[in-house]
Amino acid sequence: KGVFQEQALREALLGAKFPARNPTQNIADLRAQLAANQKGVQEIRRAMDLFGVEVVHAYMKHVQDNAEEQVRRFLGCLEDGYFEYPNDDGSRICARITVDRAARSATVDFTGTSEQQPNNFNAPSAVCRAAVLYVFRTMVEDDSIPLNEGCLKPLRLVIPRGSMLSPVYPAAVVAGNVETSQAITDCLYGAMGALAAAQGTMNNLTFGDGTYQYYETISGGSGAGPSFAGTDAVQTHMTNSRLTDPEVLELRFPVLVQSFAVRAGSGG
């Protein structure tokens, strides 16, 4: 069993050149994650006590097998595609999807994507993999299947090591999850010819001091498809979350919200 090394963690958070402003809150967040995982362990053990280990394992496999089959069905009607997504800093993300109809599988190849960058927009390969999982899950017809590893079984991913989608240490990656992930998603939809790009960013808004820390993602527009229009002022893809109500924001932080509206001429 692991040991939660709170004192060592606190020292690490406070001992850096730019220390954490509220390490107590950071540690509380980590403890909440551990508690959530422990709750999951408890529920799985309870299911095993009720139904038996073999039955639980069988249904875990059924869930993944069903997701795999749903994605294979989608691949049966998907054409090969390629898309390049240019970023403002001159880098680009490239995605080529090649379908093998006989094997009911596909290769998603990011060869051609820019090398890792000297900025922090590099994304660990896990972020790229998560974006692929998300996109293919959204393309299956059955909306009821849970997001799971089975969706990736028919897919072979090629993510060049040393690229901005698979950087090597000490590449900075803080914007990879909140910015580059959105670009990867838009690029994949473009390669499928399924959906126009969304806002391509999580629109992060953050402020704080030693007492208050606020972080929010501001909604933007979603892209149109072959048979439907896009939408205004909605959270999309990797930032599919709700905004904090202005009343809650003003209650918890020493700020006043002067306006909360769609900005005219912003494209949604």
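The side chains of Glu79 and Arg101 meet in a salt bridge, 3.3 Å from N to O. A salt bridge here is a side-chain nitrogen of Lys or Arg within 4 Å of a carboxyl oxygen of Asp or Glu. This pair links distant parts of the chain, 22 residues apart: Glu79 sits in the loop between α3 and β1 (81-86), and Arg101 in the loop between β2 (92-100) and β3 (105-109). Helices (H or I, at least four residues) and strands (E, at least two) are DSSP runs, numbered from the N terminus.

Before I go on, this is a predicted model: local features need pLDDT of at least 70, side-chain atom pairs count only at pLDDT 80 or more, and totals for chains, interfaces and linings use all residues. Residues are numbered from 1 along each chain as its sequence is written, and side-chain values use heavy atoms, with hydrogens and water left out.

Back to the pair. Glu79 is exposed, at 56% relative accessible area, while Arg101 is partly exposed, at 40%. Buried means under 20%, exposed over 50%, and partly exposed in between, with a 1.4 Å probe and protein chains only.

How many salt bridges does a search of the whole structure find? It finds 12. One of them joins Arg31 to Glu6, with the closest N and O atoms 2.9 Å apart. Arg31 is in helix α2 (residues 23-51) and Glu6 in helix α1 (residues 6-15), so the pair ties together parts that are 25 residues apart in sequence. Arg31 is partly exposed at 41%, and Glu6 is partly exposed at 28%.

Next, Glu68 and Arg72 form a salt bridge, their closest N and O atoms being 2.9 Å apart. Both are in helix α3 (residues 53-75), 4 residues apart, which means about one helical turn separates them. Is Glu68 buried or exposed? Glu68 is buried, at 17%, and Arg72 is buried, at 16%.

Now the helices. The axes of α4 (residues 125-139) and α5 (residues 176-192) come within 9 Å and cross at roughly 45°. Axes are lines fitted to C-alpha atoms, for helices over the stretch in contact, and angles run from 0 to 180 degrees between N-to-C directions. The angle makes α4 oblique to α5, because under 35 degrees counts as roughly parallel, over 145 as roughly antiparallel, 65 to 115 as roughly perpendicular and the rest as oblique. The residues in contact (heavy atoms within 4.5 Å) include Val127 and Phe136 of α4 and Ile184 and Leu188 of α5.
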